[in-house]
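Welcome, and please take a moment to look over the sequence and the model before reading on. The notes below are meant as a friendly first tour.

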Amino acid sequence: MQQLTKLFTQYTGKSNPEIEPLPSSGSNRRYYRLKQDDVSIIGVYGQSKEENHAFIELSRHFHKRQLNTPRVLAVSNDKMFYIQEDLGDTVLFDTIKAGRLTGVFSAQEKELLHKTVAQLADFQVLGAKELDFSVCYPQAEFNNRSVYWDLNYFKYNFLKTTEMEFQEDLLENDFDKLAQNLLQDESDTFLYRDFQSRNVMLVDGNPYFIDYQGGRKGPVYYDVASFLWQAKANFSDDLRDELIKTYISSLKKYREVDEAKFIKKLRLFVLFRTLQVLGAYGFRGYFEKKPHFIQSIPFALNNLRELLKDGFDEYPYLTKILHEMINLKQFADSQKRELEVRVFSFAYKKGIPNDVSGNGGGYVFDCRAINNPGKFERYNSVTGLDESVIKFLEDDGEMKIFLDNIYPLVDSHVKRYIERDFTNLMVSFGCTGGQHRSVYAAQKMAEHISKKFGIKVSLVHREQNLEQEFKSR
């Protein structure tokens, strides 16, 4: 602590600063805020001289390139202590908390995210210009050794903790193929390595990047995967797609980008990064007993589940092992809860259907204003599922207008429920007898939701005693 006080005094000319310890992250570095009068500086003690050197030299280089990073102000002779610019306490991760918790991001939150990914491309390209990568620690570039460190990190610190039986030689064969594909392209950009919203500070609404001491020369995909698939980010697929487009647009300022190839390669890096993250969570959580990392495991596993839905055919044994791993009993509680939509047709004279989920029901739409086939004797023995009634309702045109107004309303509700991990939504259609109009409308709505969202839909035509289930896919 005396070293930091000494550096503070040498740089500011002020003595006896107030010293406030700041929360540490997953590293062994210790951070302090040193304040005296109107001066505030961040002091750092790092246990690794080599890592400190990397951060200090990278910071100096990024400052010369006019990138948004904290300036290093003074360094102790032994390079174990240094002081840096105080960027305040506003962290992007905390600023977008409401969006992360609900899955619904406000316009202001989205604007910050778009700003951040756009500046990431600038940082990767401009930060690499004239950079002496030999200052990077522990590797100057993303290479075969880097890949295997991370894959083995996953294998030994996470996969083996599950006590699963697996053939290590077959797994290593797929690791070899994965490493070859990850290293296929030459790169001359800066790979941040731990680019996530916790490492982005906001100063006057502008993103500033911190904790890049593990950076090195490497491909751009890794950082995009780290940020957009951060375990607790809770970004929807649509928002991810928007942010990827913003990132690619920013990258195109510096080079041509084949968007289809970019997205294909990005998916591979998402898999790799997810495995690395699980290894880190396993080590920090299971071995170092840090609860924060244990709590993040379910989120990373959900990312992995989504990735595996489309498969990785070129890595059959790895894929097989990962499927077995995520379906183990100890991870059952981590599975993302899936929404089930229950759609009913009913007769008003027999009452609105009960909501067995206990959530109080959902939408109830009244079909009674629509021209009623039931007033014609020839339709008495058929329902809204029969061709003659379908033709009557569709030729009339009222039903189509009715449903076209309802679809967007229900779609937005389903989308929001999926994003927020809700499990039940009820949509009911009522008419006079629960035989024609409500049956047709409920059937069309169930088919529409199943086709559009691929989630489980339970359809009940109550008065007809008919049930149908559309399974999730």
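What follows is a short briefing, grouped by topic.

This is a predicted model, in which local features need pLDDT of at least 70 and side-chain atom pairs count only at pLDDT 80 or more, while totals for chains, interfaces and linings use all residues. Residues are numbered from 1 along each chain as its sequence is written, and side-chain values use heavy atoms, with hydrogens and water left out.

**The protein as a whole**

- The protein has 15 helices and 14 strands; these are DSSP runs numbered from the N terminus, with helices being H or I of at least four residues and strands being E of at least two.
- Along the principal axes, the C-alpha atoms fill a box of roughly 100 × 60 × 45 Å.
- Of its 473 residues, 50% count as buried, where buried means under 20% relative accessible area, exposed means over 50%, and partly exposed lies in between (1.4 Å probe, protein chains only).
- The accessible surface comes to about 23,100 Å², and 46% of that belongs to carbon and sulfur atoms; such areas come from the Shrake-Rupley method with a 1.4 Å probe, and for residues only the protein chains shown count as cover.
- Taking contacts between residues at least 6 apart in sequence, 71% join residues at least 24 apart; a contact means heavy atoms within 4.5 Å.

**Helices α5 and α9**

- Helix α5 (residues 107-126) and helix α9 (residues 237-251) have axes that come within 8 Å and cross at roughly 35°. Axes here are lines fitted to C-alpha atoms, for helices over the stretch in contact, and angles run from 0 to 180 degrees between N-to-C directions.
- The crossing of α5 and α9 is right-handed. The term means that the near helix is turned clockwise from the far one by less than a right angle, and left-handed means anticlockwise.
- On the α5 side the meeting residues include Leu113, Val117 and Ala121, and on the α9 side they include Leu239, Leu243 and Tyr247.
- By class, this contact of α5 with α9 has 10 nonpolar, four polar and three charged residues. Ala, Val, Leu, Ile, Met, Phe, Trp, Tyr, Cys and Pro count as nonpolar, Asp, Glu, Lys and Arg as charged, and the others, Gly among them, as polar.

**Helices α7 and α12**

- Helix α7 (residues 168-182) packs with helix α12 (residues 316-326) at an angle of about 115°, their axes being 7 Å apart.
- For α7 and α12 the crossing is left-handed.
- Pro316, Tyr317 and Leu318 in α12 meet Leu170, Leu171, Asp174, Phe175, Lys177 and Leu178 in α7.
- The contact of α7 with α12 divides into seven nonpolar, no polar and two charged residues.

**Cysteines**

- The structure holds zero disulfides, a disulfide being a pair of cysteine sulfur atoms within 2.5 Å.
- The cysteine sulfur closest to that of Cys367 is in Cys431, and at 6.1 Å it is too far for a bond.
- Cys367 is buried, at 0% relative accessibility, and Cys136 also counts as buried, at 7%.

- As background, most residues other than glycine have a negative phi, and most peptide bonds are trans.
- Tyr137 and Pro138 are joined by a cis peptide bond, with omega about 5°. Pro138 sits in the loop between α5 and α6 (144-157).
- Asn16 is not a glycine, yet its phi is positive, near 50°. Asn16 belongs to the loop between α1 (2-12) and β1 (18-22) and is exposed at 64% relative accessibility.
- Asp211, also not a glycine, has a positive phi of about 55°. Asp211 lies in the loop between β8 (206-209) and β9 (216-217) and is buried, with a relative accessible area of 13%.

- Phe133 is found in the loop between α5 and α6 and counts as buried at 12% relative accessibility.
- Beyond its neighbours within four places in sequence, Phe133 is in contact with Ala128, Ala140, Thr189, Phe190, Arg216 and Lys217.
- Between Phe133 and Ala54 there are 79 residues of sequence separation and 9.5 Å in space, C-alpha to C-alpha.
- Asp37 is in the loop between β2 (30-36) and β3 (39-45) and counts as exposed at 61% relative accessibility.
- Asp37 and Leu7 are 30 residues apart in sequence, and their C-alpha atoms are 17 Å apart in space.
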